[in-house]
Amino acid sequence: MSDLPPPPSPAAPPPDSGGSGDGFDFDWDRAKDLAERWFRPLTEREGWMALVYLFAGALVSPFLFGFMMAAAALTFGLSFVVVGLLLIVPTFLLIEVFVKLERSLAALAGHRIEMRPTATLEGSRITAPLRALTDEVRWRQAGFIAANVVIAPVLFAFGSFPFSFVTQVLFGDVLVFGLDFGIGSDLGVGTTGILALPLAAFFAGAIPRVAIWMAGIKAQIAGWFVGTDRLALAEERVSLLSSQRSDILDAVASERRRIERNLHDGVQQQLVAIGLDLGMAEQQIEQHPDRAKELIGNARSKVQGSIGELRQLGRGLHPAILEDRGIDAALSAVVSGSSIPISVQVDPDLDLSTDVGETVYFVANEAIANVLKHAQARVASVHVAKVAANVRVTIHDDGIGGVDASRGTGIAGIRARVNAVDGSLTITSPSGGPTTLIAEIPRT
């Protein structure tokens, strides 16, 4: 017998991918995946709402244009007998309503159009019409209504073409008499109808895509006419950020001065006193040991007081309890040593990120400090609640009121913290009280 090893077995054939085995392997899995991707938007709401937006716009635009022109003609015609001058303001207000209707239709398709601010039309019967006639934004609104009577039907025609084609194939006579725009017209009646089926399948997947595309174009055109000026908006934003940066730097400098002042007036003086007590105890420990023990006891008490002050300072720099136990426990710790009763209420389902939680903590901490120092209040409360996408911090006290928001570093520090996160601050403090401070801070 031979000792040679057996020959290797032949390699296993590749797995069957669904092909026919006669040299043509069709990848059914890939075809199925492509089909799912192509037709999936048909099951999503976005495409159909875009089609509704285009259809509604094309439907109402002639009526809006007609009403606008009728109102304008009536106003112009009656102007020769003065009565028309009284119709200028109502006409522009009517146009504004039409624009808001178009804006609402755009919202159906998920397009949010922030309208340009218009000049107010309140005032006398002379100044209000003049203000309306010289307001560029109101003329842009009128221009949009006029242009939309052409734009809306054209974009609807393009946006609804795939839908119209598929509807015609499925419910019309295309399958019987063929396509009527010349494709394959030499093949005879019926043949072109069969060719329409794959075209209908292709256009079915294109229905939401084309509708969303055309709806986006329409919303962009509307935004150009009546929407906010992005360049002006960006300039305003830069100006706001520059102002907030200045406020933040001022608040940081003020905070440093407060810490330096607290260290100088508090812990540093305590340490000096401790040194004097220990020095006197050292001198009297042999001749007057009882007096020396008393001095050492005083020094120990001052050491404990210094530790408490350092803890208080550390809590102001970084509230460790906030990270460990949350905003409810952190605010409860702040008010626990207060000279007046201060209640703390935090919504139980409130979940804050670290940055937002710190902002809420420092805003409430500074507001409570102001209440204790200046309000002469008998009772106060802190309420932290979730309001839509924001968290609202409300600090209320029954003190003497009269808070001047333009003065004092405490309010300036609170405002700087709130502005830094694009929040808002409202202070209501009539003379004689009570005082309510409300800060709304975005949760994301």
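This briefing walks through the pockets, strands, helices and backbone features of the structure above.

The model is predicted: local features need pLDDT of at least 70, side-chain atom pairs count only at pLDDT 80 or more, and totals for chains, interfaces and linings use all residues. Residues are numbered from 1 along each chain as its sequence is written, and side-chain values use heavy atoms, with hydrogens and water left out. Helices (H or I, at least four residues) and strands (E, at least two) are DSSP runs numbered from the N terminus.

**The enclosed space**

- A search of the whole structure turns up 1 cavity of 30 Å³ or more. On a 1 Å grid over the protein atoms alone, a cavity is a set of points where a 1.4 Å probe fits but cannot get out, and lining residues have an atom within 4 Å of a point.
- The largest cavity has a volume of about 40 Å³, where a volume is the space filled by probe spheres set on the points, and grid points are joined across faces, edges and corners.
- Its lining consists of Tyr53, Val99, Glu102, Arg103, Ile113, Met115, Phe144, Ala222 and Val226.
- Helix α3 (88-108) gives the largest share of that lining, 3 residues, and both α3 and α8 supply at least two residues each.
- By class, the lining of the largest cavity has 7 nonpolar, no polar and 2 charged residues. Here Ala, Val, Leu, Ile, Met, Phe, Trp, Tyr, Cys and Pro count as nonpolar, Asp, Glu, Lys and Arg as charged, and the others, Gly among them, as polar.

**The second largest pocket**

- A pocket is an open set of points with protein on both sides within 12 Å along at least five of seven lines. The second largest pocket holds about 300 Å³ of space.
- His111, Arg112, Ile113, Glu114, Gly216, Ala219, Gln220, Gly223, Trp224, Gly227, Thr228 and Arg230 line this pocket.
- Helix α8 (residues 191-226) gives the most to the lining of the second largest pocket, with 5 residues.
- The lining of the second largest pocket divides into 3 nonpolar, 6 polar and 3 charged residues.

**Strands and how they pair**

- Strands β1 (residues 342-346) and β2 (residues 380-387) run parallel and pair over 5 bridges; two strands pair if DSSP finds at least two bridges between them.
- Within this pairing, Ser343 stands opposite Ser381 in β2.
- Together with helix α12 (residues 354-375), β1 and β2 make a left-handed β-α-β unit. For reference, a crossover is right-handed if, with the strands pointing away from the viewer, the path from the first strand over the helix to the second runs clockwise.
- Strands β4 and β5 pair in the antiparallel sense over 5 bridges, with Leu425 opposite Ala439 in β5.
- β4 and β5 form a hairpin with 6 residues between them, and Gly432 in the turn has a positive phi of about 100°.

**Backbone features in the loops**

- The peptide bond from Gly433 to Pro434 is cis, with omega near -5°. Pro434 sits in the loop between β4 (424-428) and β5 (435-442).
- Ala388, in the loop between β2 and β3 (390-397), has a positive phi of about 55° although it is not a glycine. Ala388 is exposed, with a relative accessible area of 68%; buried means under 20% relative accessible area, exposed over 50%, and partly exposed in between (1.4 Å probe, protein chains only).
- Asp422 is another residue other than glycine with a positive phi, near 60°. Asp422 lies in the loop between α13 (409-420) and β4, and counts as partly exposed at 39% relative accessibility.

**Residues to find in the helices**

- Ser61, in helix α2 (residues 45-78), is buried, with a relative accessible area of 1%. A polar atom of the Ser61 side chain lies 3.5 Å from the backbone oxygen of Ala58.
- Ala201, in helix α8, is partly exposed at 34% relative accessibility. The C-alpha atoms of Ala201 and Pro162 are separated by 9.9 Å, and these residues are 39 apart along the chain.
- Ser332, in helix α11 (residues 320-335), is partly exposed, with a relative accessible area of 31%. Ser332 and Val382 are 50 residues apart along the chain, with 9.6 Å between their C-alpha atoms.

Notes. A polar contact is a pair of N or O atoms within 3.5 Å; within protein, one must be able to donate a hydrogen and the other to accept it, and residues adjacent in sequence count only if both atoms are side-chain atoms.
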